[in-house]
Each structure stands twice: as C-alpha cells, then as structure tokens.
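Trainee: I have a model open and want to check the labels against their cut-offs. Can we go through them?

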Amino acid sequence: MMKVQTHKMTVSIDNQSSHLEVFKEFYQQLDEQGKTIEVLPRNEKEEYQLQAVNATLAHVWKQNKYYRQRLEEAGFEEPRIDNLEQLTAVPMLEKNVIRGDKEKLLCVDSKEIGQVHLTSGTSGKPIYTAYTLADQYVYDLLPKYLELFKESENDVAAIALPYEFALPGLGFQRLFQFAFGTAVLSLGKGGYMAPVDKSLELMKEYQATVLTTTPSYAALLAEESEKVGIKIGEDINLKKIWLTGEGCSPAFRERLEKWWGCEVAFFYGSTECGVIGVECSKHKGYHVMEGHVKVEIIDPDSGEVLPAGKTGEIVVTTLLREGMPMVRYRTGDLGNLKESNCDCGTTMDVLQLRGRMEHMLRLGNHDYSPFLIEHFLMEIPEVGLWYHLKLNQGVLTIEAEKFRTTLSDEQLSTKIKQHMLERIGVECNVVIRDDIPRTFGKAQRVFT
Ligand SMILES: [Zn+2]
C-alpha cells in the first residue's frame, strides 16, 4: 500500500485492510442494535471468539514462520479450529522464546509498524511488541465496554503511568482520547517534566475527575498532597481512580478509596497483550475483556486447561491484532476464571487474580500470595501504605510504618503479630520503620 508522508492517519488507517476487517462489521451491527459485547449471550460471544481466533490463526499461519512451524509441528494442516475447546491443540507461547527478539512474532512488514512497546524487563531481557497504527487506533477501539467505563467528554483524566517504552501511559491516553473523548493530563510518573507537586497542581488546575495510576503511586500522590497543601476532596475531587501496573489487595484498595474519597477499580493488562480484565462497580473480580482477548487457565506444570474456578496460570490469546498477535501466551500470572453471574449485568467471565507465580511466599507448608498478606496487613488502620515483606529461611519479617496513630512502635508491632497469627496462622517478626523508601517505579515490597 502507498503511504503518503504526513498523511499517515488518513491513508494508512482509513484505507487499510487486514484479516480484521470483518470485525468492523460485527461491532457496527452491535452498535446499531444498541448493544455491547459485555451483555451478549454466551453462545453469541463464543461464536465471535471462535471466528476471531480462527482469523488470528489464519493470519499468523500466513505471515509468520515461527507460529506456522509450531502449528505444523502440532499437527495442524490448516490454521483453524472447529470450536473453542480445540484451542488446547494450539501450542502455547512461552516468554523465554520471545524475550529480546523483536522479529520472531512479527506478522506484518516492518514498514507497517506504528509503535513499539517494551516490557520493563525486570525479570530478564525485555519483550518487544510491535503494533500497527490500525492495531492501536482502529481495532483496539472496536469493542466498546459502556458498562465498565463511564468516562466521557465531560471528564478530565490524569494519567500517572510510565509513558516511556511500556504500554500503560500511551494505552490509556489513546483509550481516553479516542474512545471516550476525554481530555487527558499526561502526568507520567515522576519524570523530569512531571515532579509530584507539579502533577498535583495540574490535577487541581484542570479539575481532574479521573486518575489512572499504580496503587503505590496513588498512595504517594495522596501523601505528597498533604505536604504541598493541596486538599483532596476540596482542591482535587476525583470520581474514579483506575489502578494498574502493580497488583494490590482489596484492603489496600479500600484504604485508597477512603483517602481519595472516590471509587477505586482495578484494570488488568500487559504490554504484550493489552487489556485483559477490568473490574466493574461490584468489585467481585475482573470481567475478562472478551472482545479483545480469549483467556484460559492452565496447570502451570502439565499445561492442561483447568476447569472453572481452579487457580492456575493465565493464558491469553489476543483477538484483534495484526502486528504481533499473542497466541496462547503464558503470562506467568496466576488466577481463576468463572462464568459471570455478576449483578452488574455483564456476561463476560470473571477472573480472580492471585499474583505472579515467582512471587509466591512459602510459609510453613503453604504458598501465600503477597497480596493476601498485604490484605491482612492493610486491615489494621494504624499501618501505613508502605511496607516490606522479607522472607528469610521460611521466616517472614514484616516492615511497616505507622499511620495516623498514637500507638507506640511496640504496641503496633504486637498488634500486627497477633493479627497475622489470627489471619494466616503464621508467626512473623515485625519491624516498625519510618523510612520505607517511596518510588516512582514499580514498588518493590517483597524480598526473598
Ligand atoms: Zn460485574
């Protein structure tokens, strides 16, 4: 296709065609019926997902050597499955295979790449993902989720997420601007143009109504607001906070809700897969974004797909990608999946997250998710939002700060010990500190 310089948007996007064209029609029909994919009956959604999986399989078969070879090795003579259960026959994609390799999964000519994103590479070499402009500005915005997102052109959204390399900052920016027509304040996360005080000032000036950030940065902004004399609830009045990037426990979320005086909801996505799940107003887990992804839960050892409700590794297949589709991608995240019977009316499956496989803490004979321990810790109102969990030879030491309390260090330490013993039946050491470092990056809370 000819590209005309400086007219990339109109030429490449409007006139472009791909294996995903057919889905424009599908979503247009939904629009005309006044429906979204969130409320479709299960059989209709599965029909759509089957069609989208097959379109993706056909695309990677034709465009990508690695995917094709894997499919052929698995016995595929043509790139299609007859029902979603047969997806188990498609080989899974491991992180290690694509780490540090920017070509392996590429399914378009490199000239078609519009944006490159990288994972943070905290656990090894980064994973490169390449998106076409149409991926990001057309197909990613096709499925609408009007039950889950209430933002509109009347809102002002502050985005305090990294804009460099990774997907979150720019991903939310596109979502708010192009899907909802919301004005965006691109705060970033403590970059040199956006120190915390300036970010808070801008939120005040423009009367931000929505904040999208990580749990730890939401805590940092709240703390700093007190230092710079900006009053939450008066100078900044948010309607909603979206949390992403780091997991956090329900109790931590409730603490943030109290502090910020607004609803706080989780958003689960990744740089490789984009959006995966979003919490509704009932806060009973993440609704899987079934327009964008097909999610499976597998036994991490055997690779077998697990039945509904069983916890295992989350495996994601992207449905609307041309640049670099992810087919049965092993995320390394743990969770379980159930059919929705949620009061919000959304029929999309409900995912419970259980943290990352490598972050589980072995205490006694049990593995504990750090979020479960955080949850119990945050139930104690005198404990601050910054803490460390240190595991040394099977013994857990909790380092915690005091929060708006007259308790002495010793009293609080005793209270934490007793509470953890009641909750998880584990004896732990407690150290009360007042100097746990704040961070602009991902908060590191677990040390093993
Ligand atoms: Zn719901």
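Trainee: What makes the site of the zinc ion tetrahedral?

Mentor: The angles among its four donor atoms are 101 to 118°. Four donors count as tetrahedral if all angles lie between 85 and 135 degrees. So the zinc site is tetrahedral. Keep in mind that this is a predicted model: local features need pLDDT of at least 70, side-chain atom pairs pLDDT 80 or more, while totals for chains, interfaces and linings use all residues. Residues are numbered from 1 along each chain as its sequence is written, and side-chain values use heavy atoms, without hydrogens and water.

Trainee: Which residues are the protein donors of the zinc ion?

Mentor: C280 (SG), H287 (NE2), C342 (SG) and C344 (SG), at 2.1 to 2.3 Å. Donors are N, O and S atoms within 2.8 Å of the metal (3.2 Å for Na, K and Ca). These four qualify. Their spacing along the chain is C-x6-H-x54-C-x1-C.

Trainee: Why does C342 count as buried?

Mentor: Its relative accessibility is 17%. Buried means under 20% relative accessible area, exposed over 50%, partly exposed in between (1.4 Å probe, protein chains only). C342 is therefore buried.

Trainee: Which residues of α12 are buried?

Mentor: L412, S413, I416, H419, M420 and I424. They cover an arc of only 130° around the axis, so they sit on the same side of α12. The arc is taken from the directions from the helix axis to the C-beta atoms. On the other side, E410 and E422 are exposed.

Trainee: What follows α12?

Mentor: G425, with a positive phi near 65°.

Technical notes:
Tetrahedral: all angles 85-135°; square planar, octahedral: opposite > 155°, others 65-115°. Helix = DSSP H or I, 4+ residues; strand = E, 2+ residues; numbered from the N terminus.
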